[in-house]
Amino acid sequence: MKKYVKGILLCLAIALGATLAVNSFSALEIIGAPVISIILGMILTLFIKNKEPFAKGITFTSKKVLQYAVILLGFGLNLAMVGKVGLTSLPIIISTISTSLIMAFIMYKLIKIPSKTATLIGVGSSICGGSAIAATAPVIDADDEEIAQSISVIFLFNVIAALIFPTLGGWLGMSDVGFGLFAGTAVNDTSSVTAAASTWDTLHNTNGSVLEYATIVKLTRTLAIIPITLVLAFIRTRKEKMLNENNNSTTKVSIKKIFPMFILYFVLASVITTIVQALLTGQALENAQAVFGFLKQLSKFFIVMAMAAIGLNTNIVKLVKSGGKPIILGLVCWVSIAFVSIVMQNLIGVI
């Protein structure tokens, strides 16, 4: 256990610094603690001459703590509430997710971007940014540099969306419900969804209703993590079986080894949340909500810690040099999702 401590503590220190920075300076909220953490990690690793004492703990944090974060994310999901909003938003969510994944595949073929990076950016753009990347990375066995690159691309378009979407929505004459759907389906990460929706609420004096609606739509998108990761696990298993057959290898490839068990725990956490909130009332419900709130915040902090670890394992020079194609892919996915979200809203008469 001692060999893990130094690396974990280093990631913890970076995560605390990033979180403190965001809490102290409101202007940094649009960037978010995970992105600040990954940047701090990339900078700090340039000055660490011997990373060996930290290596085990950094690896543990970037892999296992990231999975724990996804599991705890389930405690923020009430499936009953998500289901109600999902009836309206589901056609748009399915359309935007499908569009992003298809465009990611097309661009992967056209510009010859690495397949794992393309997958992470496609999934991150379509579902829920950093959380989706966190869930997908272990399933496809992505390395830290691929994760860092994908997170960086998602961050770039998160910031742009949070800044311009409220104005764009007003220019298009969107209703409050329409913009809530637009923000919830076309913005990648939760922090940027809340930033865009909060700006709309302020501009249109909606008393926070759009923020609440957009957040629930965003949580509905989060559930897409489940089928996407399972499909990716199946594809990876099949590829490895074919590779072994071609190489005449006797190594057995089992779906059980690749199956993302943490996704199963994520679903279980969501089910627990739903049942508890349905059965409890009064003070007992308030106590349960407080516990779920704490676990949700812990999930967010674990993601910040994991991003610190990923930053520490990333070569920032290499990342910048190879950043052109991923940014193009991110731009295509982002524009496509926004366009499809607007078109679908027009078709079903919501906008």
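Trainee: Is V35 buried or exposed?

Mentor: V35 is buried, with a relative accessible area of 10%; buried means under 20% relative accessible area, exposed over 50%, and partly exposed in between, for a 1.4 Å probe and protein chains only. This is a predicted model, in which local features need pLDDT of at least 70 and side-chain atom pairs count only at pLDDT 80 or more, while totals for chains, interfaces and linings use all residues. Residues are numbered from 1 along each chain as its sequence is written, and side-chain values use heavy atoms, with hydrogens and water left out.

Trainee: Which helix holds V35?

Mentor: V35 belongs to helix α2, residues 33-44. Helices are DSSP runs of H or I with at least four residues, strands are runs of E with at least two, and both are numbered from the N terminus.

Trainee: How many residues lie between V35 and A18 in sequence, and what is their separation in space?

Mentor: V35 and A18 are 17 residues apart in sequence, and their C-alpha atoms are 8.6 Å apart.

Trainee: Moving on to helix packing, at what angle do α9 and α10 cross?

Mentor: Helix α9 (residues 190-204) and helix α10 (residues 209-222) cross at roughly 155°, and their axes come within 8 Å. Axes are lines fitted to C-alpha atoms, for helices over the stretch in contact, and angles run from 0 to 180 degrees between N-to-C directions. The two helices, α9 and α10, are therefore roughly antiparallel. Angles over 145 degrees count as roughly antiparallel, under 35 as roughly parallel, 65 to 115 as roughly perpendicular and the rest as oblique.

Trainee: And what is the handedness of the α9 and α10 crossing?

Mentor: The α9 and α10 crossing is right-handed. A crossing is right-handed if the near helix is turned clockwise from the far one by less than a right angle, and left-handed if anticlockwise.

Trainee: Which residues make that contact?

Mentor: From α9 the contact involves T190, V193, T194, A197, S198, W200 and D201, and from α10 it involves S209, V210, L211, A214, T215 and K218. Contact means heavy atoms within 4.5 Å. By class, the α9 and α10 contact has six nonpolar, five polar and two charged residues. Ala, Val, Leu, Ile, Met, Phe, Trp, Tyr, Cys and Pro count as nonpolar, Asp, Glu, Lys and Arg as charged, and the others, Gly among them, as polar.

Trainee: What about α8 and α9, at what angle do they pack?

Mentor: The angle between α8 and α9 is about 160°, with their axes 9 Å apart, so α8 and α9 are roughly antiparallel. The crossing of α8 and α9 is right-handed. D176, F179, A183 and G184 of α8 meet V193, A196, A197, W200 and H204 of α9. This α8 and α9 contact has six nonpolar, two polar and one charged residues.

Trainee: Where does N188 lie?

Mentor: N188 sits in the loop between α8 (176-186) and α9. N188 counts as buried, at 2% relative accessibility.

Trainee: At what angle do α5 and α16 pack?

Mentor: Helix α5 (residues 115-126) and helix α16 (residues 324-348) pack at about 30°, with axes 10 Å apart. That makes α5 roughly parallel to α16. In the contact, T117, A118, I121, G122, S125 and S126 of α5 meet P326, L329, G330, C333 and I337 of α16. The residues there are six nonpolar, five polar and no charged.

Trainee: C333 is in that list. How many disulfides are there?

Mentor: The count is zero disulfides, a disulfide being a pair of cysteine sulfur atoms within 2.5 Å. C333 counts as buried, at 0% relative accessibility, and C11 is also buried, with a relative accessible area of 0%.

Trainee: What is the phi of K112?

Mentor: K112 has a positive phi of about 55° although it is not a glycine. Most residues other than glycine have a negative phi. K112 lies in the loop between α4 and α5 and counts as exposed, at 64% relative accessibility. N205 also has a positive phi, near 50°; N205 is in the loop between α9 and α10 and is exposed at 69% relative accessibility.
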